[in-house]
Amino acid sequence: PFRSERQRQGLGRLWEMQEADSVCTHCSAACTLRVSLKDGRLTRVRAASVEDYICARGRFGWSYLNSSERITSPMVKKDGTLVPVGWDEALEAITDGLRGAVDKNGAGAVGGILGAIVNGEVASGFTRLIREGLQGRYVDSVLRGVDRRFMKDFAGLGDGAAYAGLDEVAGADVLLVVGDVTERVPALWPRIKAARERGATLIALDMRESRISRAAQVWLRPGAGAEAAVLEQLAAGLLDQGMYDREALADGSGLLAALQEAQSETGVSAEALEAAVAAYGDSSRKAVAVFAVDGADPAVGKAVLRLAFLTGRLAGGIFPAAGVPNLGGLLRAGAYAADGDDDQLRALYVLAEDPISTFASSAQVKARLEGLEFLVVQDLFLTETAALADVVLPASAPLETGGSFLNINGSAPELAAVVAATVPPEINTIKTLMERFGVAADGQAQNNESGGAAGTPESILAPVAAAAVQPDAEYPLVMVPYASSGRVYLAKRSEMAGLDAVDQDGKCLCMAPDDAKALGIDSAGGEVVVRTAAASVAVKATPDASLPAGVVVLPAYSIEANTLLAKGQVAVPVAVTIEAGTKGGNA
């Protein structure tokens, strides 16, 4: 942080600055920012008022805007090398490449991948361009790692009435906090702390020791991947004690029997569960459950929704935290693909996303991109994905373009454009291509979600598959991705923003001290290879006393974690070894 403050030196005196308010897009909290500018260049960011909170990445994570590594000109690959060209030539190359893929291969040949950092207007136009103009079926985004069924059920409950805002978290009498939510949404921590100091009962459900677990009166510490199973145990306890809403469920005996039959070992003590049941089951107290909707086991969202339903807390009883912005906008635009949508894919337009880093099975994603006939990438930086492209277009940043960002509760904070843009906004490119491919300027992207009725007792009470991830003799440890409050979900933007100073773990594999010691790794860390049955990655490992034995952690949304995870996985058994030619901590 201090380095970032020094970077502001020499950029102008305070009385020379203009000030404007906008909205942070580093996570889903959408905190209000007050930015200082000189000649359209951002020089400082702080909270909009003394009462407001702003995290380290919200305060210091903007130097990427002025990075010399930003793409400033379109590029076209000629003789295997990307060379700068004018906009007209680049747009002609895109038009010819996409049209050629459709003419050659038919419907379904062209697809798109959309970043969560773009505004709702761009998201809608982009998906319409792909689906209506180019006959594409495949439009994907980080929603592939999100429980969309939960989001649909959640949105169907009284038009988002289940949502608990940050003020409701601060005002709760009981808080059930699951996993790494304060790392994904740092603005949660001061609200949780305020509730705790006011006398609220805090229940922490996390396999890792954290400031939440240390502040909690009840710590439910499960095995890796067993969070949903613990929530099912909590539901069973509420039913067994009769601590449930009879208007929601007249007779809980059938559900109790089903839950008891499906229970598995979680590692949580009976005493801790009893304490959690007593606190959360007290209907006289306002309770809010907080969990991560991005990167979490889908069964967790389902189990949280069930708990709120059983205790009559569907109104204002859930805070679904997301380290990724605009998930609601992506969902509304239909930016997700069904299995099989990419079977005929031959050309792809990637906008403000680096799927090699942020999508699971990174190696397979890269191989798929390399096998395309035509690839367009529009981004701020030359990411690993952009380096493979046939055409690269520069992109703008949210503070340069503004627009709406739809949170999963349905609120749409309007983001003001406050920084001078250096390239045309993405919506200009999208509109030009829409016109070329015959897509009407007005219209609404179609949400392609399918399934049964949302937000009904039947969907909420349906069975949940919940079990801990089991290691074995060959892969004796479990790797879990864990978010960092010092990282934004796009790794390249974190790097270019200088957030390494905040994110001390960087790209390290964290492991329990005894597990590290068994490999000969001391506090200085050491190089290791992490393997699954399908992939491997070389990283630096470091001891971390917050972790239980048998569990290792890599940063969420990192290429290192996503190399090891398959699509839909939230944890995976791994082997960690020191290979010949690498150095352990004592070498």
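A word on the basis of what I will say. Because the structure is predicted, local features need pLDDT of at least 70 and side-chain atom pairs count only at pLDDT 80 or more, while totals for chains, interfaces and linings use all residues. Residues are numbered from 1 along each chain as its sequence is written, and side-chain values use heavy atoms, with hydrogens and water left out.

I begin with strand β4. Helices and strands here are DSSP runs numbered from the N terminus, a helix being H or I with at least four residues and a strand being E with at least two. Two strands pair if DSSP finds at least two bridges between them.

Strand β4, residues 75-78, runs antiparallel to strand β5, residues 81-84, and four bridges join them. In this pairing Lys-78 stands opposite Thr-81 of β5. The two strands form a hairpin with two residues between them. In that turn, Asp-79 has a positive phi of about 55 degrees.

Which other strand is joined to β4? It is β15, residues 391-394, again antiparallel, with two bridges. Here Met-75 stands opposite Val-392.

I turn now to the salt bridges. The term means a side-chain nitrogen of Lys or Arg within 4 Å of a carboxyl oxygen of Asp or Glu. By this rule the model has 16 salt bridges. I shall also describe burial: buried means under 20% relative accessible area, exposed means over 50%, and partly exposed lies in between, using a 1.4 Å probe and protein chains only.

One of these salt bridges joins Arg-144 to Asp-140, at 3.0 Å from N to O. Asp-140 is buried, at 1% relative accessibility, whereas Arg-144 is partly exposed at 22%.

Another joins Asp-294 to Arg-184, at 3.1 Å from N to O. This pair links distant parts of the chain, 110 residues apart: Asp-294 sits in the loop between β11 (287-292) and α13 (298-310), and Arg-184 in helix α7, residues 181-184. Are these two residues buried or exposed? Both Asp-294 and Arg-184 are buried. Together with Asp-180, they are linked in a network of salt bridges.

Asp-339 is exposed, with a relative accessible area of 71%, and Lys-567 is partly exposed at 44%.
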